[in-house]
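Thanks, everyone. I'll start with a pocket and then turn to helix packing.

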Amino acid sequence: MSVIETTARPEGKDRYTISEVAARTGLSAHTLRWYERIGLMPHVDRSHTGQRRFTERDLHWLAFVGKLRLTGMPVAVMVRYAELVREGEHTSAERRELLETTRRDVLSRIAELQDTLAVLDVKISHYEEQCGGTTR
């Protein structure tokens, strides 16, 4: 997912079509509809013709969901988090715990990747010595 552009629209024009949101986020319209269907997106307003109209708040939510996806958080857990957000402030402790668990998982993956990088560096150094030059 790309970073959401923050180009401000004129006052009262903070409604985006599904194609505009797809272009801004890198998500397909199909994915956006699916997010809404499974409860990952909050209610998306509709125009008088039934077209979805996303707000800046929706764009910020999608950016956050993109970060959660990058953590490897399962979709079911993301949906649970979204449900908790909709339930209100009394769910703050449970939301924090979900995020803390995810943070621990991310830190563990970072450590694994650092170990893997160290092994690769050793192997690369071995081949640099064998080849008589640097490859990096």
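The largest pocket holds about 240 Å³ of space. A pocket here is an open set of points on a 1 Å grid over the protein atoms alone, where a 1.4 Å probe fits, with protein on both sides within 12 Å along at least five of seven lines. The volume is the space filled by probe spheres set on the points, joined across faces, edges and corners. Lining residues have an atom within 4 Å of a point.

This is a predicted model: local features need pLDDT of at least 70, side-chain atom pairs need 80 or more, and totals for chains, interfaces and linings use all residues. Numbering runs from 1 along each chain as its sequence is written, and side-chain values use heavy atoms, without hydrogens or water.

Which helix gives the largest share of the lining? H3, with four residues. Helices are DSSP runs of H or I, at least four residues, numbered from the N terminus. H3 spans 56–71, and H4 also supplies at least two lining residues. Among the lining residues are His43, Asp58, Trp61 and Arg86.

Now H4, residues 75–87, against H5, residues 92–131. Their axes, lines fitted to C-alpha atoms over the stretch in contact, lie 9 Å apart. The angle is about 155°, on a scale from 0 to 180 degrees between N-to-C directions. That makes the two helices roughly antiparallel, a label for angles over 145 degrees. In this contact (heavy atoms within 4.5 Å), Tyr81 and Leu84 are among the H4 residues, and Leu98 and Leu99 among those of H5.

Notes. Parallel < 35°, antiparallel > 145°, perpendicular 65-115°, else oblique.
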